[in-house]
Amino acid sequence: MKQILTTTFISFAVIALFAAGSYWFIQREAAKGGEPEVTADIKNPEAQKIMDDLEIADTKIPEEMNEARLQFYLHEMTHSKVYAEDKWGAARPTTQSDIEKLLAIVEASDFSEKAFYRNTLQDWQKGDFSNAVDVHNTIWHWHNGSIGKATRLMTKEEEQAYIRTNF
(Lines give C-alpha, C1' and ligand atoms only; values in the text may rest on other atoms or scores of the structure.)
Protein backbone atom coordinates (compact mmCIF):
# COMPACT_ATOMS: atom_id res chain seq x y z
CA MET A 1 0.00 0.00 0.00
CA LYS A 2 2.84 2.39 0.87
CA GLN A 3 4.42 1.82 -2.59
CA ILE A 4 1.11 2.66 -4.34
CA LEU A 5 0.76 5.90 -2.36
CA THR A 6 4.36 6.86 -3.13
CA THR A 7 3.92 6.14 -6.85
CA THR A 8 0.64 8.08 -6.92
CA PHE A 9 2.20 11.06 -5.12
CA ILE A 10 5.17 11.14 -7.49
CA SER A 11 2.86 10.89 -10.52
CA PHE A 12 0.72 13.80 -9.31
CA ALA A 13 3.84 15.85 -8.55
CA VAL A 14 5.22 15.30 -12.07
CA ILE A 15 1.85 16.23 -13.63
CA ALA A 16 1.63 19.36 -11.44
CA LEU A 17 5.15 20.42 -12.43
CA PHE A 18 4.35 19.87 -16.10
CA ALA A 19 1.12 21.87 -15.79
CA ALA A 20 2.87 24.73 -13.96
CA GLY A 21 5.66 24.80 -16.55
CA SER A 22 3.17 24.82 -19.41
CA TYR A 23 1.18 27.64 -17.79
CA TRP A 24 4.36 29.68 -17.28
CA PHE A 25 5.46 29.11 -20.90
CA ILE A 26 2.07 30.12 -22.32
CA GLN A 27 1.92 33.23 -20.15
CA ARG A 28 5.44 34.23 -21.17
CA GLU A 29 4.68 33.81 -24.88
CA ALA A 30 1.39 35.72 -24.56
CA ALA A 31 3.18 38.59 -22.82
CA LYS A 32 5.48 39.03 -25.80
CA GLY A 33 2.57 40.48 -27.76
CA GLY A 34 3.73 38.93 -31.02
CA GLU A 35 1.42 37.76 -33.71
CA PRO A 36 0.59 34.08 -33.96
CA GLU A 37 2.82 32.30 -36.38
CA VAL A 38 1.60 30.22 -39.28
CA THR A 39 3.72 27.69 -41.14
CA ALA A 40 4.01 27.85 -44.90
CA ASP A 41 5.77 25.59 -47.33
CA ILE A 42 7.56 26.78 -50.43
CA LYS A 43 7.79 24.12 -53.10
CA ASN A 44 10.89 23.25 -55.07
CA PRO A 45 12.10 26.39 -56.89
CA GLU A 46 12.54 24.43 -60.13
CA ALA A 47 8.82 23.74 -60.15
CA GLN A 48 8.21 27.45 -59.53
CA LYS A 49 5.10 26.61 -57.54
CA ILE A 50 4.48 28.41 -54.31
CA MET A 51 1.81 27.20 -51.95
CA ASP A 52 -0.56 29.71 -50.44
CA ASP A 53 -0.30 28.40 -46.88
CA LEU A 54 0.86 31.71 -45.42
CA GLU A 55 -1.80 33.80 -43.82
CA ILE A 56 -2.14 37.13 -45.59
CA ALA A 57 -1.37 39.80 -43.04
CA ASP A 58 -3.62 42.73 -42.36
CA THR A 59 -1.93 45.41 -44.42
CA LYS A 60 -2.75 48.28 -42.06
CA ILE A 61 0.32 49.51 -40.20
CA PRO A 62 -0.48 51.00 -36.81
CA GLU A 63 0.78 54.48 -35.92
CA GLU A 64 2.83 53.08 -33.05
CA MET A 65 4.39 49.70 -32.42
CA ASN A 66 6.93 48.11 -30.16
CA GLU A 67 10.23 46.79 -31.43
CA ALA A 68 9.17 43.13 -31.51
CA ARG A 69 6.13 43.99 -33.62
CA LEU A 70 8.30 45.99 -36.04
CA GLN A 71 10.57 42.95 -36.35
CA PHE A 72 7.57 40.76 -37.23
CA TYR A 73 6.51 43.26 -39.91
CA LEU A 74 9.99 43.38 -41.46
CA HIS A 75 10.32 39.60 -41.30
CA GLU A 76 6.95 39.12 -43.00
CA MET A 77 7.85 41.66 -45.69
CA THR A 78 10.99 39.67 -46.55
CA HIS A 79 8.87 36.61 -47.36
CA SER A 80 8.15 37.93 -50.85
CA LYS A 81 11.87 38.41 -51.49
CA VAL A 82 13.64 35.37 -50.00
CA TYR A 83 13.64 31.64 -50.57
CA ALA A 84 13.34 29.34 -47.56
CA GLU A 85 12.21 25.72 -47.38
CA ASP A 86 9.56 26.75 -44.83
CA LYS A 87 8.22 30.17 -43.96
CA TRP A 88 6.73 31.14 -40.62
CA GLY A 89 4.52 34.13 -40.02
CA ALA A 90 2.29 35.89 -42.45
CA ALA A 91 2.61 37.12 -46.00
CA ARG A 92 2.86 40.91 -45.97
CA PRO A 93 3.18 43.05 -49.10
CA THR A 94 6.31 45.16 -49.40
CA THR A 95 4.89 48.49 -50.57
CA GLN A 96 6.52 51.91 -50.68
CA SER A 97 3.75 53.24 -48.46
CA ASP A 98 4.42 50.61 -45.78
CA ILE A 99 8.17 51.13 -46.02
CA GLU A 100 7.70 54.88 -45.47
CA LYS A 101 5.35 54.33 -42.51
CA LEU A 102 7.76 51.88 -40.88
CA LEU A 103 10.68 54.22 -41.47
CA ALA A 104 8.77 57.05 -39.75
CA ILE A 105 8.08 54.75 -36.79
CA VAL A 106 11.77 53.81 -36.61
CA GLU A 107 12.91 57.43 -36.79
CA ALA A 108 10.60 58.39 -33.92
CA SER A 109 11.70 55.41 -31.80
CA ASP A 110 14.43 54.56 -29.37
CA PHE A 111 14.64 50.93 -30.52
CA SER A 112 17.83 49.11 -29.60
CA GLU A 113 18.45 48.08 -33.24
CA LYS A 114 17.34 51.40 -34.75
CA ALA A 115 20.30 51.67 -37.14
CA PHE A 116 19.63 48.17 -38.52
CA TYR A 117 15.97 48.99 -39.18
CA ARG A 118 16.77 52.40 -40.66
CA ASN A 119 19.42 51.01 -43.03
CA THR A 120 17.12 48.17 -44.08
CA LEU A 121 14.16 50.43 -44.81
CA GLN A 122 16.24 53.09 -46.55
CA ASP A 123 17.63 50.45 -48.91
CA TRP A 124 14.13 49.10 -49.52
CA GLN A 125 12.85 52.62 -50.15
CA LYS A 126 15.34 52.83 -53.02
CA GLY A 127 14.14 49.47 -54.38
CA ASP A 128 17.26 47.64 -53.19
CA PHE A 129 16.22 44.38 -51.55
CA SER A 130 19.65 42.72 -51.80
CA ASN A 131 19.79 42.73 -47.99
CA ALA A 132 16.51 40.77 -47.60
CA VAL A 133 18.19 37.41 -46.81
CA ASP A 134 20.34 39.04 -44.13
CA VAL A 135 17.36 40.95 -42.71
CA HIS A 136 15.19 37.83 -42.66
CA ASN A 137 17.84 35.66 -41.03
CA THR A 138 18.90 38.30 -38.51
CA ILE A 139 15.35 38.72 -37.25
CA TRP A 140 14.80 34.96 -37.50
CA HIS A 141 17.88 34.48 -35.30
CA TRP A 142 16.74 37.13 -32.79
CA HIS A 143 13.53 35.12 -32.34
CA ASN A 144 15.41 31.80 -32.01
CA GLY A 145 14.33 30.49 -35.39
CA SER A 146 14.98 26.83 -36.03
CA ILE A 147 12.98 26.23 -39.21
CA GLY A 148 12.77 28.47 -42.25
CA LYS A 149 16.21 30.05 -42.60
CA ALA A 150 16.41 31.97 -45.87
CA THR A 151 19.04 30.62 -48.24
CA ARG A 152 18.90 33.12 -51.10
CA LEU A 153 16.87 35.78 -52.83
CA MET A 154 14.01 34.52 -54.96
CA THR A 155 14.33 34.74 -58.71
CA LYS A 156 12.04 37.28 -60.41
CA GLU A 157 9.83 34.40 -61.53
CA GLU A 158 9.57 32.96 -58.00
CA GLU A 159 8.84 36.40 -56.59
CA GLN A 160 6.07 37.00 -59.14
CA ALA A 161 4.57 33.57 -58.42
CA TYR A 162 4.66 34.32 -54.69
CA ILE A 163 2.96 37.67 -55.18
CA ARG A 164 0.26 36.16 -57.46
CA THR A 165 -0.38 33.38 -54.95
CA ASN A 166 -0.41 35.45 -51.77
CA PHE A 167 -1.68 38.91 -52.68
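**Salt bridges, a nonpolar core and a buried serine**

Arginine 152 is partly exposed at 29% relative accessibility; that class lies between buried (under 20% relative accessible area) and exposed (over 50%), using a 1.4 Å probe and protein chains only. The model is predicted: local features need pLDDT of at least 70, side-chain atom pairs count only at pLDDT 80 or more, and totals for chains, interfaces and linings use all residues. Residues are numbered from 1 along each chain as its sequence is written, and side-chain values use heavy atoms, without hydrogens and water.

**Salt bridges**

- The structure holds four salt bridges (a side-chain nitrogen of Lys or Arg within 4 Å of a carboxyl oxygen of Asp or Glu).
- Arginine 152 pairs with glutamate 158 in one of them, with the closest N and O atoms 2.9 Å apart. Glutamate 158 is buried, at 6% relative accessible area.
- Glutamate 76 forms a salt bridge with arginine 92, the closest N and O atoms being 3.0 Å apart. Glutamate 76 sits in helix 2 (residues 67–78) and arginine 92 in the loop between strand 5 (90–91) and helix 3, so the pair ties together parts 16 residues apart in sequence. Helices (H or I, at least four residues) and strands (E, at least two) are DSSP runs, numbered from the N terminus.
- Glutamate 76 is buried, with a relative accessible area of 2%. Arginine 92 is buried too, with a relative accessible area of 2%.
- Glutamate 107 and arginine 118 meet through their side chains in a salt bridge (2.9 Å, N to O). Glutamate 107 belongs to helix 3 and arginine 118 to helix 4, so this pair ties together parts 11 residues apart in sequence.
- Glutamate 107 is partly exposed at 36% relative accessible area, and arginine 118 is partly exposed at 25%.

**Nonpolar core**

- The largest nonpolar core has 19 residues, of which Met65, Leu70, Leu74, Leu102, Tyr117, Leu121 and Trp124 touch the most other members. Such a core is a set of buried Ala, Val, Leu, Ile, Met, Phe, Trp, Tyr and Cys residues joined through side-chain atoms within 4.5 Å.
- Helix 2, helix 3, helix 4 and helix 5 (132–142) each supply at least two residues of this core. Helix 3 gives the largest share, five residues.
- Tyrosine 117 touches Glu67, Leu70, Gln71, Leu74, Val106, Phe111 and Trp142, not counting residues up to four places away in sequence; contact means heavy atoms within 4.5 Å.

**Serine 109**

- Serine 109 lies in the loop between helix 3 (96–107) and helix 4 (114–125). Serine 109 is buried, with a relative accessible area of 14%.
- The serine 109 side chain reaches the backbone nitrogen of phenylalanine 111 at 3.3 Å.

Note on methods. Polar contact = N/O pair within 3.5 Å; in protein donor to acceptor, adjacent residues only side chain to side chain.
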